[in-house]
Amino acid sequence: MKKIDTGNSSFEKLISTGNLYVDKTSYFFDLIESGATYFFCSRPRRFGKTLALSTFEAIFKGKHELFKGLAIDSLEYNWRVHPVIHIDLGKCQRDTKKGVEDWINSTVIEIALEYGVALEKSNGYDINFSLLIEKASRKAPVVILIDEYDKILSSNIFNSEIEGMRDVIRGFFEIIKASYNNVRFVFITGVTRYAKVSAFSSMNNLEDISMDERYANMFGYTQKELESNFSEYIDEGSKATGLERTAYLSQMKNQYDGYRFVPEAEPVYNPVSIGMFFLKGGKTFDNYWAETGNTKLIMDIAKKVQFDISKDVSEPISKSSISSFDIVQMASKDVSDSKYKALLFQSGYLTISSSSADFQVLTLDFPNAEVRESFASSLLDVYAGDAAKDEFMPSLLFNAFVTGNTEKAINHLKSIYASIPYSISGDSNEHTWHYAFHCMMKAIGADLSSEVMSSKGRADCVLRAVDNIYVIELKRNSNAKSALEQIRKKGYVEQFRDLMPKCSIHLLGISFNSKERNISDWAEEVLS
């Protein structure tokens, strides 16, 4: 079997060391030969953007020998050598306008040396960048590859100098646009899609392919690509788990598939999740992608907007809300729910699950179990703290609900709530109790719906756990029996009676006591 290297984003090194490479070169050929010059594509982190730019670099440097047997090798490409200016803005760790300018200038000067172009350090980055493009293009039109254009901004959204840094980035791209006559091809990547009024305000000739159906599967692995490229790994994993191949693939799909960046496009798997899954032996269905990044910003904003993990995820959003996005907006005091959902989409936590007939209204959802459970678990940490998160055992809680052992589930919930520090819960923070409950249910992979409508009102939540359905009413400083009575009186269970006797219906009232800061009372009635 070919080796898997999830940490290698160099195409040349990947190929020359015999590592596994999922062939995407037909997409690169189409872009190069499309007739357009300036391209942009956003994808979540660890989705192969850096590897894609490295592949473009190898193509434009004429390294034909690396592509033997790949799709582009059988296509009519001339393999002409072009000077390549490849800049990874994600490597810039500066947090001032002057620092960013100096970093870009140093990087430009270093690249210039590769092409025998002498630049003066005393010049500004803008002068040197323009000179590099002009002088390097004397041999052939240059290729410009920019990775992680937005990393500088996303890392500094609360920095007082961010507007100055954005001006630098804007000026950087203005130089690229002004150098049109000396440029053969430009490809820019980032996590977040650009806003016309933001860093790309001057680049009206930039073709955004982020939601272009022709390139929907340019990043990530389709089902066919997974099965054809990792067939031997799948066979080994299937044997190791004792699962039939079909069941094994089904579990993989549930855990790692589901990313859709274009309405009605075929969903794709996250490359890093798949690579790490097989590197670990292909038998432990853990959360790999979420563990590779810092979620603090995402979670801090979630708490600020009081994002309801059980309800707000499924609320429709306009395509325009996620088509043009400015990461700096997240620093404002009044971040809207739609802006936050746009951030979750750009970051890979949410994906397109369905759309209106004209594709202008989108419904988002978590792409798979890995992301849903990781997101909910991280939110639980924000709302309940490290101690509660350590106390939380998803499999134990999930099995209790699945088997209909409500008492066991309640006792486990009590132990988790007991570990939430006073500094987080306060004396009467009802939102913390309810939200922590919702986060835990999502984190265990349960099908939880919030504020479920009936003919006479709304149930706080409905939890579906295989053959057990829980209609739940949450109260504070009240009697759990009154919550149970409300479920009966309002007829919250009527819409589920048709599922009996296959499913047991649990009427469950839970009361939180603000002084005890825990579940003080619960009552249940089971219909079967």
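I started at Phe 187, which is buried at a relative accessible area of 0%. For my own use, buried means under 20% relative accessible area, exposed means over 50%, and partly exposed lies in between, with a 1.4 Å probe and protein chains only. Before going further, I noted that this is a predicted model, where local features need pLDDT of at least 70, side-chain atom pairs count only at pLDDT 80 or more, and totals for chains, interfaces and linings use all residues. Residues are numbered from 1 along each chain as its sequence is written, and side-chain values use heavy atoms, with hydrogens and water left out.

**Aromatic rings**

I looked up the ring pairs next. Rings of Phe, Tyr and Trp (for Trp, the six-membered ring) pair if their centres lie within 6.5 Å; planes under 30 degrees apart are stacked, over 60 edge-to-face, and the rest tilted. How many aromatic pairs does this rule give? The count comes to 34.

I picked out Phe 67 and Trp 79: their ring centres are 5.2 Å apart and their planes stand at 45°, so I logged the pair as tilted. Both residues lie in the loop between α3 (49-60) and β2 (84-88), so the pair ties together parts that are 12 residues apart in sequence. The element names follow DSSP runs, numbered from the N terminus: helices are H or I runs of at least four residues, strands are E runs of at least two. Phe 67 is buried at 0% relative accessibility, and Trp 79 is buried at 12%.

Then I returned to Phe 187. Its aromatic pair with Phe 185 is stacked, at 6.3 Å centre to centre and 15° between the planes. Phe 185 is buried as well, with a relative accessible area of 0%.

I also found a cluster linked by ring pairs: Tyr 221, Phe 230, Tyr 233, Tyr 248, Tyr 256, Phe 277, Phe 278, Phe 285 and Tyr 288.

Arg 45 lies over the face of Trp 289, at 4.3 Å from the ring centre. The rule asks for NZ of Lys or CZ of Arg within 6 Å of the ring centre and within 35 degrees of the ring normal.

**Strands**

I moved on to the sheets. Strands of a sheet pair through backbone hydrogen bonds, either parallel or antiparallel. Two strands count as paired if DSSP finds at least two bridges between them.

β2 pairs with β3 (residues 142-147) in the parallel sense over five bridges. Here His 86 stands opposite Leu 145 in β3. Is β2 mostly covered or mostly open? Four of its five residues are buried, so I put it down as mostly covered.

I then traced an open sheet of three strands, in the order β6-β8-β7 with antiparallel pairing. β6 (317-318) and β7 (351-355) stand at the edges with a single partner strand each, so one side of each has no neighbour in the sheet. β7 and β8 (residues 361-365) are joined by four bridges, and Ile 352 has Leu 364 in β8 as its bridge partner.

I checked Asp 5, in the segment before α1 (11-16). Asp 5 is partly exposed at 33% relative accessibility. Leaving out residues up to four places away in sequence, Asp 5 touches Leu 14 and Asn 19, where contact means heavy atoms within 4.5 Å.

Lys 24 sits in the loop between α1 and α2 (25-32). Is Lys 24 buried or exposed? At 6% relative accessibility, Lys 24 is buried. Its side chain reaches the backbone oxygen of Asn 217 at 2.7 Å. Beyond its neighbours within four places in sequence, Lys 24 contacts Asn 217, Met 218, Gly 220 and Glu 225.

I finished with the backbone. The peptide bond from Met 500 to Pro 501 is cis, with omega near 5°; Pro 501 lies in the loop between α21 (480-489) and β12 (504-513). Glu 264 has a positive phi, near 65°, and is exposed at 67% relative accessibility.

Notes:
Polar contact = N/O pair within 3.5 Å; in protein donor to acceptor, adjacent residues only side chain to side chain.
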